[in-house]
Amino acid sequence: MTGLESPGTPGPAPAVAAGAHQADQPALTQPAVTRLAATVERLRAEIAQAQAAADGRALIEMAKGVLVERLRCGPTEAARQLDALAERAGVTALELAADLVNQAAQDKVSATVEEFLMRTATPEESSAAVRLRTAESGLLATGDPQRVAQSVLENALAPLGATALAIWSVGSDASLTLAGFAGIDLHEAERWRYVPPGVLTPARQALDARQTQWIEHLGRSGLPSIGDRDGGRAAIPASAGGRLIGVLEVCWPQPLSPQPPQVRKQLEALAELCAHTLEADLPTVVLPDRSHLADLVRLSDGLFDSALVLLPHFGGDGELADFRIHHVNRSFVDPAGRPQGMVNGALLLEAYPMAAAEGQLFERIEHVFATGETYRADRMVLTELVDQVPLTVSAALSISRHGDTLLVVWRVEDETARLAALLQHAQRLGRVGGFEENAATGEITWSSQLYALYGLTPSDDPIPLAQLPAHVHDDDTDAVQRLLRTLLRYRRSASAAFRIIRPNGDTRHIRIIAEPVVDTAGHLMALRGAYQDISAQHWTEVALSATQDRLVHTEEQAAEHSRLARQLQQAIMPAAQPSIEAFGLQIAVRYQPTEQDALVGGDWYDAIVLPSKQILVSVGDITGHGIKAATGMVVLRNALRGLATTGAGPGQMLTWLNHVTHYLTDDIYATAVCGLYDPQTRVLRWARAGHLPPVLIRDGEAAALPEIPGILLGAVAETSYQEAELQLEADDVLLLYTDGLVERRDLDIDECVDRMLDQSARFQGNLDDLVDHLLDQSDANTDDDTCLVGIKVGQGSSTPTS
């Protein structure tokens, strides 16, 4: 079956059926089969052409009818006038017929055509008027949705690039039934003949949203639907009389690009045409008769909640404009406090104008009327104007459709009962109990929570306030007596805190707040107030006090540790030292501790001349802060000095220092860079253990030395470190530093280093000024110590003496 066939169109079935009697009939040769297939295709084309011609003839007949009515002439004269007018205007009779029908109908199709298909439009655009009216004439020619689908595809959608369409009918249970299709395989259509409620498809989305759904690529959307999944889709809801009765789904073979407004409105007009077909297909629906309406009224009157029976109210254009309140039940309570007579019989938006706001009542009712889906909400805020002041109430809401009638039921929450329940919850959570004592009758009223505070049952007699001293701890008797004197003698409000002794011997910490009630003459009428169990608060305060004492002690210890760590750090490495000059080499060192004593770190630097006349330069960083980091720094710095006297190279020294870190310290980890400079050859041998490599500044350019492998110190027991050599030249500057100079929390470390390299390359000045400049301009924000060692090679060579 081709895409343009209807299910009843003859196909190659006779040739297949003939195979059942092959034994009795001569076999068809290949040329015969080819001729037979060509005949079938020709017949199909003739059928399609005949259908299109019939649609065109129907449109011309509609135009002739318009001329008969306007010119007061007969059909023959109208036909002659149509041909003459078409020839004079230079258009075909079919195009002129479409124009005449558009002008006479003034419906949605006409409005669509007039808005974007004027006489100044291109011929392609002008033909859209013919396409729309031709599709409509096909619809009027038959009530069959399948025939309508074929006509709409051929006459209106195929010129837009569409290859298939489906017309869905909406059931009363919100299911979808395939009423007509074109360009879709028959077997595929059978699979999608019925779509149960709740299955999310493009058509279902259009119904739920009540607006056109544009899907660029069906396969990527994850939505199932009829036909090929590789192209784009448009699902347009079709409505009649304010009710959604179907969906027109249009299929494109390629991904769907955004469509212009002209095409969007043309598809909406086609959906309206399809709605008429679906409306004709459905059983006749009229407004409920009096017996049906009477049943719904009797049902609403039997409800204990407020109920309204609504009927749709249509405007002059036939579109849904409002709902008429046909009946309010006997239990109806107006949120604005108006009598039933002021609401009954009115239009909904006249009685409740605030219902038109977005997300309010009218939007929910309109959706239920359009889709038939029942709406329920356990709690919805309703807003209404009372004396021009917005009043909001909370209500449970139910809206259901019965034919063309709506039943709206709401239950406004009892604010008094709700507030009483909230008060009970608040008293329970706050362990509060209220009381009142009548001074004249002696009657005492206690809340249920107060019995629990006293350790009594609700069947026990309440304890008068005057007897309270007998139930408190001996040490608190005076406080309770002062409370009673203030209340009874001075007639003033008072409060007190005390320990009450329960009948079982338990002690609870209680606070009472009470006030006297007096008449105009000053006579005591009653005492009322509240008890609160503050036992948990009391013990919390005790625990908090103890915790605060321990915290103060801990803070004092931490401050002492930080002070010792700072003193140790400053003793080993002062913040600044004068520049060192040895063998033509100038060395400048800087140390900048963190400003926070609690974050005293373990950064170190060193620069000394060894007995071998070589110069040792190193920087390192202990992980962590505090006294442990400071003492670890001292251990590793001094250990490296001792290892340097052995004459070993930087790699061997770091290997031994790793042994020291792993075995002879308590969970210490560190990074380091170690270098040996030979003044005779100007060669620097260096190695690194997880540290940032040194920076070389030469001829106005700054770059980090290539990284060489080396794990941080203390991580593993056995490891070795590689060495690299650097031939220095006159005026070269070498920088060794810790990460506190460059590291930022918001940047990658490589970006931080690049910023420092740029600053170093652009600086003009001596070595001391350079290291000071780098420290001053550092924008690091990790609150860490900073070590910086600068080395500059002099112009002349200086040979060390033995």
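Predicted model: local features only at pLDDT ≥ 70, side-chain atom pairs only at ≥ 80, totals over all residues.
Figure 1. Residues are numbered from 1 along each chain as its sequence is written, and side-chain values use heavy atoms, with hydrogens and water left out. Strands (E, at least two residues) and helices (H or I, at least four) are DSSP runs, numbered from the N terminus. Glu 729 is partly exposed, at 40% relative accessibility, on a scale where buried means under 20% relative accessible area, exposed means over 50%, and partly exposed lies in between (1.4 Å probe, protein chains only). When residues up to four places away in sequence are not counted, Glu 729 touches Arg 682, Arg 698 and Val 793, contact being defined as heavy atoms within 4.5 Å. The C-alpha atom of Glu 729 is separated by 9.4 Å from that of Lys 792, a residue 63 places apart from it along the chain.

**Figure 2. Salt bridges of Glu 188 with Arg 191 and of Arg 193 with Glu 190.** A salt bridge is taken as a side-chain nitrogen of Lys or Arg within 4 Å of a carboxyl oxygen of Asp or Glu, and the structure holds 22 of them. Side chains of opposite charge can pair when their charged atoms come close. In the pair of Glu 188 and Arg 191, the closest N and O atoms are 2.9 Å apart; because these residues are three apart in helix H8 (residues 186–191), about one helical turn separates them. Glu 188 counts as buried at 17% relative accessibility, whereas Arg 191 counts as exposed at 60%. In the pair of Arg 193 and Glu 190, the closest N and O atoms are 3.5 Å apart, and both partners are partly exposed, Arg 193 with a relative accessible area of 29% and Glu 190 with 46% relative accessibility.

**Figure 3. Helix H9 (residues 202–209), with Arg 204 and Asp 208.** The salt bridge between Arg 204 and Asp 208 has its closest N and O atoms 3.9 Å apart, and the two residues lie four apart in the helix, about one turn. Arg 204 is buried, with a relative accessible area of 6%, while Asp 208 counts as partly exposed at 36% relative accessibility. Through salt bridges that share partners, Arg 204, Asp 208 and Glu 373 are joined into one network. The buried residues of H9 are Pro 202, Ala 203, Arg 204, Ala 206 and Leu 207, and the helix is followed by Arg 210, whose phi is positive, near 60°.

**Figure 4. The largest nonpolar core, with 28 residues.** A nonpolar core is a set of buried Ala, Val, Leu, Ile, Met, Phe, Trp, Tyr and Cys residues joined through side-chain atoms within 4.5 Å. The residues with the most contacts inside this core are Leu 310, Phe 323, Ile 325, Tyr 352, Ile 365 and Trp 410. Elements giving two or more residues to the core include strand E7 (306–314), strand E8 (320–328) and helix H15 (361–371), and H15 gives the most, with five residues. Leaving aside neighbours within four places in sequence, the contacts of Leu 310 are Phe 323, Arg 324, Ile 325, Leu 348, Ile 365, Asp 404, Thr 405, Leu 406 and Val 408. Apart from this core lies another, of 27 residues, among them Val 152, Ile 167, Ala 240 and Leu 248.

**Figure 5. The second largest cavity, holding about 100 Å³ of space.** On a 1 Å grid over the protein atoms alone, a cavity is a set of points where a 1.4 Å probe fits but cannot get out, and lining residues have an atom within 4 Å of a point; grid points are joined across faces, edges and corners, and a volume is the space filled by probe spheres set on the points. The structure holds five cavities of 30 Å³ or more.

Terms used
1 Å grid on protein atoms, 1.4 Å probe; cavity = no way out; pocket = protein on both sides within 12 Å on 5 of 7 lines; lining within 4 Å.
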